[in-house]
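Here are some friendly notes to read alongside the model.

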Amino acid sequence: MERSDIDEKQNLPQMILSTVLDYSGAVCVRVRLRVEPLLANTSLQIEFTELDARNSHAILVWRSHENTTVRWRRLPKGRSRRVKVGPCCFTNNEHLDLRKTLVWEMQFDCFKAQVDHAVLVSVHDVNRTLTNAFYVPTVHHRYLRDAVPRYDVRADTSAKLFMVTMDAGQELLARLCYKNLAPECKGNTSSRINTDLDPEVTFSIPHLVPCICVQLYYTGVDARRDTTCPFKDKRLPGGGDILSSSSLKLYGSSVLEWKPLCPSDPSTPAVSLCWQHHKNHSQCFPVQNSTLHDRDWKYNVTAVDKHAHMCVKFSLNDSQRVFCPFSSGVFSEWDVTVVTGSQRLHVRLSSSITASFSAQLCIEEEGEYVAKGNVHSVHMEEGTEEVELSLPLNFFIPALCVQVWRSEPFLHGKRIICPDYTHRRWGLVIAFSLAFLITLTAVGFLTYIFVKKETSVWRCAERKPVLLVSSSDDAVHVAAVCALASGLQEELHMDVRLAQWAHCSTHASLAQLGPAPWLYGQCQEVQQAGGVVLLAWSLEAQQAFLQWRERGGKKERENSWWRGKISDEEKDTVWSNEQHKDKQKEGWMERASSVTDPVFNATLSSLWSGLHSECCGQGFGLVCFQGLGGSRHIPKELRGVRRYCLPRDLSTLIHELDLKESSPGGGDKKASRGWCCWPRFFSKALSFWLSHRLAQRLEAWLPQKKQDREKSKLILKLSHKPHSKLKKKKLKKKGEKKRKGPVTVHS
């Protein structure tokens, strides 16, 4: 009951009638009444009459003495009730606003009536009727108990979805539920749907099972519920979620009961025992001959080994599920451990009762364990602490395991124990490592002894003699030649012969014989011993070679003069050229040493003779030093001789100056034979190592900077160009004088 303020005068009382349904679904007429406040000790009566049935009901309302509550009761006999006047309460100190009229609003929710039957509602005070109204209650079909919603359901098994399409103009409740043998469909809380806003809704299927259904009904009290089960009597792909939605319960220690979500479904899974390893809980290996049979989904496991890792596997179509009901480990009556030994496995057993046990080796093949070898058994009396079975290892496989079971009294299920071979593997690894280190050390030591022996043989073996000839008295050139000679002598233990050394030594062979005879003798001796004559080329060597060739040509021309084959004019020209060349030769001879020039000329004669002989220059070689520019000035006539640019070609030079082969000159044939049997790569490596050491000696005496090389090149160019220009000018002047000479004589 409420109180409101009205600013304007209104016709009171006012009454509004409507139809509602109570909690039981019965039709009621709701009365909403607005009247002026009742005075103290005054009453108001509301009468409700069904005209067809002549049934009437009345309610008496009056105001109490406290002025804060209103009492009411049903007539003729009913328990009186009272309500407070709201929203605020009357008090004795309250001062009312006389400018406003107070109005009471009263609402009576349920005067029971029949649909489409007229009723009369009237309001009376003590002396008169205040208001009345006729009303016919009507109810929409959605509020009727027998009415059901209009909808359509489509299922998507791959996406696990229900799509529900509904007609517009409905307000519904919908939910998923599971329909089994019971009349009701058990499910979750319903969701309210206004089809004008959501004509299609989607439900995600938690478990794809045959008994899952969609239930829709109107929002009225006790409305009829319509249930649709799309998967009823249908075979789900892969068995669906029948196994994943089920549960398994152990009763006592002897009965297992399987509880599927749809007990009415006729699908029957296959049940067997499997063993789950400690290290891999995701895989359960099947135990052979351990199928369990049911009676109303109940399995007798009295004769099953109840170890904590003995599990039960359910299989239906392509789906599987594993339950481990004995995981607590309190039901096991015996225990086993496996210890690895030398060529055998020790199986240690303990039991609380008298029993016999059996063990057999096995190995995993394609997801299951296959027995290998013989079965070994042992009997154990009650009170015995422990017995041991010894399984010999006639073969060893890293994944070898042992299956153990109780054979008397017999228990279904075999325990599969896989020993830890880690320590054995580490022992093998350590043993192989030690053997490898010992072998490696022995091979290294033997290699060292052999290399040392062969190196000593190599150092003591006879070498090819080398005759090294310098072509210039330049300090850098002579230092490089001496460095090469000392390196070959000290590093390769070669017999190196150098004119500068012979000239400075106490022996008088060079002084007694003279430079040229000494050179011819040395050259012949070296070539007979299979050695090599190396000529260190330089710019001065090119000039000396040109002078040497011109002297040979001059002798030929003199012979031609005496025979009258050259004219007088040609004789004058040649004579002027010869004078100029003689002056240049005198200048170069002044710079040349008394030893270097004759030795070099004699070497050129020997080289030239060798080039025009059957040997074609074999036993000779030209040596050029990087940075001194000698390689650019080798004449074309000497291009057929083997050339070495040092230190770049040191490895090739050393390899060709290797140990002396069998020759008429003798030598240590045993050492030669041993050296020839040595692998080629050792010779190459030794040549490379020695060339690296010799290169360090040579680089200390050769110009290393780029500026030094450019400077040497510039000096070489300047030493050529002025001579050629001066030569042309002098020849031109002499020619003019000769042409003018005869004119003066005839005048």
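1. Start with leucine 467, which stands opposite arginine 497 in E34. Strand E33 (residues 466-470) and E34 run parallel, and 3 bridges join them. Do keep in mind that this is a predicted model.

2. Now step back to the sheet around that pair. What is the order of its strands? Reading across, you will find E34-E33-E35-E36-E37, an open sheet of 5 strands with parallel pairing. Strand E34 (496-498) and strand E37 (642-646) are the edge strands, each pairing on one side only. From one strand to the next, the twist averages 25 degrees.

3. Next, look for the helix that packs on this sheet: helix H5 (residues 515-528). Helix H5 touches E33, E34, strand E35 (532-536) and strand E36 (620-625), and its direction makes about 145 degrees with that of E33.

4. Salt bridges deserve a look too; the count comes to 14. One of them joins the side chains of arginine 406 and glutamate 333, at 2.9 Å from N to O. Arginine 406 is in strand E31 (residues 400-408), while glutamate 333 lies in the loop between strand E25 (319-323) and strand E26 (334-340), 73 residues apart. Is arginine 406 buried or exposed? Arginine 406 counts as buried because its relative accessibility is 5%, under the 20% cut-off. Glutamate 333, at 39%, is partly exposed.

5. A second pair to find is glutamate 388 and arginine 348, whose closest N and O atoms are 3.4 Å apart. Glutamate 388 belongs to strand E30 (residues 387-392) and arginine 348 to strand E27 (residues 344-351), 40 residues apart. Glutamate 388 is partly exposed at 43% relative accessible area, and arginine 348 is partly exposed at 31%. Elsewhere, salt bridges that share partners join Arg32, Arg34 and Glu105 into one network.

6. Turn to the surface for a nonpolar patch. Ile430, Leu434, Phe436, Leu437, Ile438 and Leu440 form this patch, with about 630 Å² of accessible area together. Leucine 440 is found in helix H1 (residues 422-460) and is partly exposed, with a relative accessible area of 49%.

7. Finally, visit alanine 700, in the loop between helix H11 (680-699) and helix H12 (706-746). Alanine 700 counts as exposed because its relative accessible area is 61%, over the 50% cut-off. How many residues along the chain lie between alanine 700 and alanine 483 in position? They are 217 residues apart along the chain, and their C-alpha atoms are separated by 9.1 Å.

Definitions and conventions: Residues numbered from 1 in each chain as written. Predicted model: local features only at pLDDT ≥ 70, side-chain atom pairs only at ≥ 80, totals over all residues. Heavy atoms only, no water. Patch = residues over 30% accessible without salt bridge, like charges linked within 9 Å, V, L, I, M, F, W, Y side chains within 5 Å. Areas by Shrake-Rupley, 256 points an atom, 1.4 Å probe, with all protein chains shown as cover. Salt bridge = Lys/Arg side-chain N within 4 Å of Asp/Glu carboxyl O. Helix = DSSP H or I, 4+ residues; strand = E, 2+ residues; numbered from the N terminus. Buried < 20%, exposed > 50% of the residue type's maximum accessible area, 1.4 Å probe, protein only. Pairing = 2+ DSSP bridges. Axes fitted to C-alpha atoms, helices over the stretch in contact; angles between N-to-C directions. Contact = heavy atoms within 4.5 Å.
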